[in-house]
Amino acid sequence: MKKDIVFEEVKDIGVAIVRETIEGENVWNVYLINFKPVILKNVIINSRGYGSELNQGVKTSTLRFFFDKIPANTYVLIEPIMENLFSLINEYWVSFYIGETIYDKPFIFLPESIIENNFIPIPVLNKAGVLIR
């Protein structure tokens, strides 16, 4: 039963959205960053967007990603993201194991929060973008 599972507090994990230039074009990518000194195993990420536009409820498809292992102090590309989704709430629900312990946390980017004024240098990734830890 889910109520019997003890979820530990998630620390030293982040999700970042970064604008990058590839072949002269701006693209936006979403990364999971492992700031921990240990490997994350069996990482599952659910991504979805939701909110309202023009007084209508809007939601994107839910996408699921799996990574067998994410080494210590590294990152993985989760997905590219289209700029027109920045007006929605963008949620990345991350679950993973360290040893036999399961960790679980949502990372939520609020509407209009993915803007250059919110960019910070992101350690490990060595790029600027919006980071939630």
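Among contacts in the chain between residues at least 6 apart in sequence, what percentage join residues at least 24 apart? The share is 60%, where a contact means heavy atoms within 4.5 Å. The structure is a predicted model, in which local features need pLDDT of at least 70 and side-chain atom pairs count only at pLDDT 80 or more, whereas totals for chains, interfaces and linings use all residues. Residues are numbered from 1 along each chain as its sequence is written, and side-chain values use heavy atoms, with hydrogens and water left out.

The chain has 10 strands and 0 helices, these elements being DSSP runs numbered from the N terminus (H or I over at least four residues for helices, E over at least two for strands). The radius of gyration of the chain is 15 Å, close to the 14 Å that the globule rule gives for 133 residues, so the chain is as compact as a globular protein of that length; the radius is taken over C-alpha atoms, and the rule is 2.2 Å times the number of residues to the power 0.38. Along its principal axes, the C-alpha trace spans about 45 × 35 × 25 Å.

Of the 133 residues in the chain, 38% are buried, a class defined by a relative accessible area under 20%, with exposed meaning over 50% and partly exposed the range in between (1.4 Å probe, protein chains only). The chain exposes about 8,100 Å², of which carbon and sulfur atoms supply 52%, the areas coming from the Shrake-Rupley method with a 1.4 Å probe and, for residues, with only the protein chains shown counted as cover.

In soluble globular proteins, nonpolar side chains tend to be buried together. Here the largest nonpolar core has 27 residues, of which Val15, Leu32, Val43, Ile45 and Phe96 touch the most other members; such a core is a set of buried Ala, Val, Leu, Ile, Met, Phe, Trp, Tyr and Cys residues joined through side-chain atoms within 4.5 Å. The elements that give two or more residues to this core include β1 (13-22), β2 (25-34) and β3 (40-53), while β7 gives the most, with 4 residues. Apart from this core lies another, of 8 residues, among them Tyr31, Phe35, Leu125 and Leu131. If residues up to four places away in sequence are not counted, Val43 touches Leu32, Phe65, Phe66, Phe67, Ile70, Val94, Ser95 and Phe96.

Phe109, in strand β8, is buried, with a relative accessible area of 0%. Leaving out residues up to four places away in sequence, its contacts include Val15, Ile17, Tyr92, Ile114, Val130 and Ile132. Asn90 is another of the residues that Phe109 touches, and the C-alpha atoms of the two are 5.1 Å apart in space although they are 19 residues apart in sequence.

Asp68, in strand β5 (residues 63-70), counts as partly exposed at 46% relative accessibility. Not counting residues up to four places away in sequence, Asp68 touches Leu40, Lys41 and Asn42, and its C-alpha atom is separated by 9.5 Å from that of Phe96, 28 residues apart along the chain.

Most residues other than glycine have a negative phi, and most peptide bonds are trans. Asp12 is partly exposed, with a relative accessible area of 37%, and Asn73 counts as partly exposed at 43% relative accessibility.
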